[in-house]
Amino acid sequence: MAPVTAGAADGDRDEGRDRDEWRGWRAAARAALYGPGGFYRRPEGPAGHFRTSVHASPLFAGAVARLLCRVDEALGRPAVLDFVDMAAGRGELVTGVLAALPADVAARVRARAVELADRPAGLDHRIEWRTEPPERVAGLLFANEWLDNVPVDVAEVDAAGVPRLVLVREDGTERLGDPVAGDGARWLARWWPLGAEEGLRAEIGLPRDRAWAAAAGTLARGLAVAVDYAHTAGARPPFGTLTGFREGRETTPVPDGSCDITAHVALDACAAARPLPGTLLLSQRDALRSLGLTGGRPPLALASADPAGYVRALADASQAAELTAPGGLGGFGWLVQPVGIPDVLTG
Ligand SMILES: C[S@@+](CC[C@H](N)C(=O)[O-])C[C@H]1O[C@@H](n2cnc3c(N)ncnc32)[C@H](O)[C@@H]1O
């Protein structure tokens with residue numbers, strides 16, 4: 001597939017004499033995150049700056065491993081079962097999934113990590129590290145917190161009620177550019193119509209739709225799953241969600257490579273970019289419950305029968321509660337798209 005972060009967009013256009021300084025957010029974030037010396041190329045990796053579900057608990061990788069086992073059954077236990085960790089960070093999820101799989105399944109798994117950053121030292125030799133998804137995947141393609149990092153342009157309504165492209169300098173200063181036109185305008189009209197009130201903002205999710213359609217399009221049979229902070233039509237945030245993260249704290253987004261730049265994902269638009277029967281959009285809470293993660297406290301009787309087991313079960317319960325918390329990770333969206341298999345998540 002084509003490199004998903006490359007390609008022209010309205011925000012990449014020549015902005016006249018200010019060309020070197022003022023850029024759309026998409027071009028600015030792309031350089032800041034993935035360019036030479038970019039935020040995601042730094043040695044500490046994403047875990048140095050924020051916690052995803054993968055970092056929060058090994059229970060998450062365990063649940064993904066159970067999902068992979070269900071896909072395996074649905075595919076008839078093939079000789080080669082693909083697992084693709086899309087936007088793998090430092091390979092934490094794929095490592096955890098391999099560790100959690102039953103030996104007979106692990107022995108058949110072809111594990112691939114797709115990531116723009118370099119292969120981490122010491123990664124399990126069974127994991128292939130690559131910058132593009134493989135072709136003809138038969139198994140599970142899983143993208144945790146990828147799409148929120150696919151750079152997008154930002155539109156803001158001016159005093160006359162016209163949505164204009166937001167331009168930004170490397171120090172984070174913004175000004176308004178040309179009216180949003182072309183594919184970007186069509187995307188806004190379809191997915192995130194802006195009212196006429198000055199200051200309303202929206203992120204133009206088209207590059208994410210295309211990125212998801214290309215990545216999920218590599219699936220020949222099995223399941224493609226995208227998990228992210230999400231919103232859907234009817235509940236878009238009126239001023240958008242563009243923000244930064246640095247060393248564990250939310251911060252003003254500044255496209256200078258010093259911080260993450262992220263925005264919640266219009267996951268319904270991504271789903272429609274690759275319309276497939278059986279597509280599901282559900283919360284992480286519901287998805288993980290379907291995979292057996294409830295967050296319930298262990299029975300008190302266990303405390304006297306098996307004190308060490310009780311303490312372990314309590315720790316698991318508190319981690320499961322974090323992964324399924326409605327206002328936190330549990331509120332994330334799961335976009336689930338099967339190809340040639342029935343619903344293995346909720347069915
Ligand atoms: C927020 S981190 C998530 C890492 C991991 N999936 C997790 O949940 O902990 C986003 C990752 O996506 C990677 N990424 C962004 N665009 C990518 C692309 N087009 N191909 C591969 N990796 C990409 C970044 O380099 C970064 O490591």
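Is Ala87 buried or exposed? Ala87 is buried, with 25 other C-beta atoms within 10 Å. Here a residue is buried if 20 or more other C-beta atoms, placed from the backbone, lie within 10 Å of its own, exposed if 12 or fewer, and partly exposed in between. The model is predicted; local features need pLDDT of at least 70, side-chain atom pairs count only at pLDDT 80 or more, and totals for chains, interfaces and linings use all residues. Residues are numbered from 1 along each chain as its sequence is written.

Ala87 sits in the loop between E2 and helix H4 (92-100). Helices (H or I, at least four residues) and strands (E, at least two) are DSSP runs, numbered from the N terminus. The phi angle of Ala87 is near 65°, a positive value in a residue other than glycine. Arg136 also is not a glycine and has a positive phi, of about 50°. Arg136 belongs to the loop between E4 and E5. Arg136 counts as exposed, with 9 C-beta neighbours inside 10 Å.

An open sheet is formed by 7 strands. Their order is E4-E3-E2-E5-E10-E17-E16, and the pairing is mixed. Two strands pair if DSSP finds at least two bridges between them. Strand E4 (127-130) and strand E16 (280-283) stand at the edges. Each has a single partner strand, so one side of each is left without a neighbour in the sheet. Neighbouring strands are turned by 20° against each other on average, direction ignored. Angles run from 0 to 180 degrees between N-to-C directions, with axes fitted as lines to C-alpha atoms, for helices over the stretch in contact.

Strands E5 (residues 137-144) and E10 (residues 219-228) run parallel and are joined by 8 bridges. Leu140 has Leu223 in E10 as its bridge partner. Helix H3 (residues 58-74) lies across strand E2 (81-86), E5 and E10. H3 runs at about 155° to E5.

The largest nonpolar core has 88 residues. Such a core is a set of buried Ala, Val, Leu, Ile, Met, Phe, Trp, Tyr and Cys residues joined through C-beta atoms within 7 Å. Val64, Val97, Leu141, Ala143, Val225 and Ala226 touch the most other members. H3 gives the most to this core, with 9 residues. At least three residues come from each of domain 1 (10-32 + 153-202) and domain 2 (41-150 + 208-338). The domain bounds come from an automatic or database domain assignment. Neighbours within four places in sequence aside, Val225 is in contact (C-beta atoms, placed from the backbone, within 7 Å) with Phe142, Ala143, Trp334, Leu335 and Val336.

Methods:
Two residues are in contact if their C-beta atoms, placed from the backbone, lie within 7 Å.
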